[in-house]
Amino acid sequence: MRTGLLALSLCFLPLAATANSFFKLEGHGGPIKGIAVSSDGQRILTASFDNSLGLWQGGVPVWLEEHAAAANTAAFIDDQTAVSAGDDFAVYLWDLKTFIPKHLGNHKGKVTSLRVAPDGSRAASASWDGTVVLWSLNGTQNRSIRVDSNVNDIAFINGGRSLMTASSDGKVRIWDTASGAFQQLFLSNGFGVNTLVVDETRGWVAYGAVDGVTRIVDLTTAETLKDVTLDRRPILAMAASRDGGTIAIGDGEGYITLLDTSDWSIRADFRATHRGPIWALAFSADGQNIHAGGLDDAMFSWPLADPRNAPKMVAKDRPFLNGNDSASNGERQFQRKCSICHTLSNDSARRAGPTLKGLFGRPAGTVDKYLYSQTLLDSGIVWNAATIDALFDLGPNVYIEGTKMPVQLISSPKDRADLIEYLRHFSNVKEN
């Protein structure tokens, strides 16, 4: 376990000091995939591609590190407890006083969404293994619900007695949480549904889909109350302010749309990033700011009063998007396929993978201060031209079955050879 205990005294400035003004939370080593805000508004949790959670107060992070792959989602249970999940299939319960995690269990695929029941007794996790698991937080039995399609998002309804699921087959279903039994097909969309927001008090459900469809429907009848679909796709993130007055919608083209729920008018529609998608959204506790995550290594927060004139994410192209036109082909392959996870420096920084400096001749799983999966530790691989070539020819999921490494393939033998030569320059080992 590598739980970073930075600022143990927790002598932080209150987040309220930044309310209604633009700010960033910087320090992650990869894109931000999930954001959660504590009930008292004083803490923010960020989940990142760098495998870490950041627990922020006053802009100072405590790093929570237990995941063996990208952390996708996090949720506060109360101000002292949280849950997290990610690409390593694992769900963890965190004590935010000691920063010690408890492993609740695993899915058989990446976990995309977490929600906490209204009474705090259970946390629900949605996975691409086609299931939802209801994790007991009070000692009762866990329960699994089989949806038989990748589950992208979930929401508790009926005071926690039912659960709504959104899945890649385009269907939104309702399940009984006590028994796990299917209750009803709520609606069908032509393409996969990615996001759900439910307001039981006002009686509506908002959802966003792969094809860009964005609708608000009646919670009882599923009849459309408002269609706010724009010519942008896919819809990747949604959030509602705590007073229910505003919905935020984030899409694959980097825009954030803010809807006034009193009449479903567009309050603001602005490009939040120069490049790339919006993957995560959350409102500040007071509803004055919208927090967002995308390809940038920082969480951005814009004031709702005037978000359009604030700085945008990804001001310069990330090297893994296009690569450098003046670079060698080997360097371009590294930038496109490796740089989002790895450095070529003396340390791994805060990245999802270990440094690749000194890679040649190194047994897999031996970089100090990096948390490896047991699969890689047991692999027996020594990195050289042949093993690196096989990794990118077959794909990590085939070459190291069970690894949590992102699937990257390089189909061209020349591109693989150029990458290998480029990496060789950062090793002291000469190899024929």
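Y399 belongs to helix α5, which spans residues 396-399; helices here are DSSP runs of H or I with at least four residues, strands are E runs of at least two, and both are numbered from the N terminus. The model is predicted, with local features requiring pLDDT of at least 70 and side-chain atom pairs counting only at pLDDT 80 or more, while totals for chains, interfaces and linings use all residues. Residues are numbered from 1 along each chain as its sequence is written, and side-chain values use heavy atoms, with hydrogens and water left out.

With a relative accessible area of 26%, Y399 is partly exposed; buried means under 20%, exposed over 50%, and partly exposed in between, using a 1.4 Å probe and protein chains only. Its contacts (heavy atoms within 4.5 Å), leaving aside neighbours within four places in sequence, are I381, T387, A390, L391 and L394. S379 is 20 residues from Y399 along the chain, and their C-alpha atoms are separated by 9.8 Å.

**Helix packing**

Two packed helices are described by the angle between their axes and the distance between the axes. Helix α4 (residues 385-394) packs against helix α6 (residues 413-424) at about 135 degrees, and the axes are 10 Å apart. This angle makes α4 oblique to α6. Angles under 35 degrees count as roughly parallel, over 145 as roughly antiparallel, 65 to 115 as roughly perpendicular, and the rest as oblique. The axes are lines fitted to C-alpha atoms, for helices over the stretch in contact, and angles run from 0 to 180 degrees between N-to-C directions.

On the α4 side the contact is formed by A385, I388, D389, F392 and D393, which meet R416, L419, I420, L423 and R424 of α6. By class, this contact of α4 with α6 has 6 nonpolar, no polar and 4 charged residues. Ala, Val, Leu, Ile, Met, Phe, Trp, Tyr, Cys and Pro count as nonpolar, Asp, Glu, Lys and Arg as charged, and the others, Gly among them, as polar.

**Strands**

Strands of a sheet pair through backbone hydrogen bonds, either parallel or antiparallel. An open, antiparallel sheet contains 4 strands in the order β18-β19-β20-β21; two strands pair if DSSP finds at least two bridges between them. β18 (193-199) and β21 (224-227) are at the edges with a single partner strand each, so one side of each has no neighbour in the sheet. From one strand to the next, the twist averages 20 degrees. Within this sheet, β20 (residues 214-218) pairs with β21 over 3 bridges in the antiparallel sense, and R215 stands opposite D227 in β21.

Elsewhere, β16 (residues 171-176) and β17 (residues 182-188) run antiparallel and are joined by 5 bridges. K171 has S188 in β17 as its bridge partner. The two strands β16 and β17 form a hairpin with 5 residues between them, and G180 in the turn has a positive phi of about 80 degrees.

**Backbone exceptions**

Most residues other than glycine have a negative phi, and most peptide bonds are trans.

| Site | Backbone value | Loop |
|---|---|---|
| R233 to P234 | cis, omega near -10 degrees | P234 between β21 and β22 (235-240) |

N51 is buried at 5% relative accessibility, whereas F89 is partly exposed at 25%.
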